[in-house]
Amino acid sequence: MGLVKKDEAPLAVEEDSPIVKQLKELDDKWVAIDKEFDAAVTKLQAEYLKKQQPILAERSKMLLEGEGPSGTPAVPGFWLKALSSHPEIAEQIESWDKPVLEYLMDIERVFVDDADYQKGFKLIFKFAENPYFSDTTIEKEHILGEANPFNGERSATSVKSTKVQWNKGKDVTVEVVAAKKKKAKGKAKKAATTEEPRPSFFRDFFRSLYPGAPDFLDMKRQMFGDMSLEDDEENEEDKTMLGYLMEEDLEKGNALADYIIPFATRWYTGEAVPEAFARDDDDDDDDDEDDDIGPRVAAYKTTMEGPKTQSDVEMERKLAQIKPSMQDKKLEVVGVHGSMHLGAAQVGLYSAKRLKQASSVRITNKVPIPVQVDGEPEMFDKNGEINVTFGSQALMLAHSSQSASHAAAAEVIEWGISKGLIAADKRNDLMRHIASKAGSSKAA
């Protein structure tokens, strides 16, 4: 007797009873009224947005007064500072992005459908003439699908961004590095160079995401090689990964549209910045406050798979106000949607979903699952329990001869940041410089 494939024996769908059918009809009547309400809200919103638009136009006019090598001569670097003050946007801005963002004149949000604002929106970044690219505008469009009328969920179906036309030698999304040298006889040849992609606001924020998008395919190629592109059909893992990435992008887009654009001046001055994000993490008394985030990870299923509850929203708000630090002696609990998402997070292309911050974590399971502990495979038995507590820290995936020095360097840099002696946005640059020096000395 052979095995029966799942698709050969579909589960029978139980038909609704007469009373359930009648109850569903009541739901449908409610939904119809909801749609009327949404249309009325859109009409009212349009009326008030029309009143607010001249305010933004006046702000733009004021910022453009004067002359100088900046997109906002009246207040140089206005938009760079406003963007850098928001936790979710700031994490994507690298040091090499900042000179480019100095030329940003304005950011505008327009809706893709004036009759239904819920269908999506477009962000338009307007740049002054600059030495980096020929574009005067860079656009990013979020298209949303139909909302589920019973839980309010509305997912993004595509994200499309302008492909920046960089001037020669001015592309900040790549790094020029020396190509691998080949031994050659006779006359010395000029050292060859190659361009390698690197993190950048203009790479990570302005990415296009939809089935078959070049940005998504490049990410797969970078993680798994060309073999990953041989299968033309989109699999479930691709769909899950795309869904997560579009959701993450939508969160940042909404932050820009709803908070940064209308209140950019307050983000520039720092008045809109969450208190915890603005302060240094050098106060040990904050440990008790941070414990309010909680050591339990019971919210994992709700946060990753189901509708958000009010407690989930409050948890995300608290987490957004707390900067992860190697000095806080806290564990960061994150979630991923699958092996592809995990791979993207490991190579620094995308972020895992931040769930909790805790001093200790207890994990229990209802079914046996395979796990990996310190690189060794283990079987996590049913109703098993794993307790994780902070012990110490070390840099991972480093050469053993360099690990101690790198860990020490990281300690010093984090200490300097916590004391306000080193700017937080210089951390990555310093670590790259230390790593390159260590590599050079080893090669010598």
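Me: Buried means under 20% relative accessible area, exposed over 50% and partly exposed in between (1.4 Å probe, protein chains only); why is Phe-127 called buried?
Reply: Phe-127 has a relative accessible area of 4%, so it is buried under that cut-off. This is a predicted model, in which local features need pLDDT of at least 70 and side-chain atom pairs pLDDT 80 or more, while totals for chains, interfaces and linings use all residues. Residues are numbered from 1 along each chain as its sequence is written, and side-chain values use heavy atoms, without hydrogens and water.

Me: How many aromatic pairs does a search of the whole structure find, and what makes the pair of Phe-78 and Tyr-268 stacked?
Reply: The search finds 17 aromatic pairs. Rings of Phe, Tyr and Trp (its six-membered ring) pair if their centres lie within 6.5 Å; planes under 30 degrees apart are stacked, over 60 edge-to-face and the rest tilted. The centres of Phe-78 and Tyr-268 are 5.3 Å apart and their planes at 25 degrees, so the pair is stacked.

Me: Why is Tyr-268 called partly exposed?
Reply: Tyr-268 has 22% relative accessibility and therefore counts as partly exposed, whereas Phe-78, at 3%, counts as buried.

Me: Why is the pair of Phe-127 and Phe-202 called tilted?
Reply: Their ring centres are 6.3 Å apart and their planes at 45 degrees, so the pair is tilted. Phe-127 and Phe-202 lie 75 residues apart in the chain. Ring pairs link both into a cluster with residues including Trp-166 and Phe-206.

Me: What makes Arg-198 lie over the face of Trp-96?
Reply: A charge sits over a ring if NZ of Lys or CZ of Arg is within 6 Å of the ring centre and within 35 degrees of the ring normal. Arg-198 lies over the face of Trp-96 at 4.0 Å from the ring centre.

Methods: Helix = DSSP H or I, 4+ residues; strand = E, 2+ residues; numbered from the N terminus.
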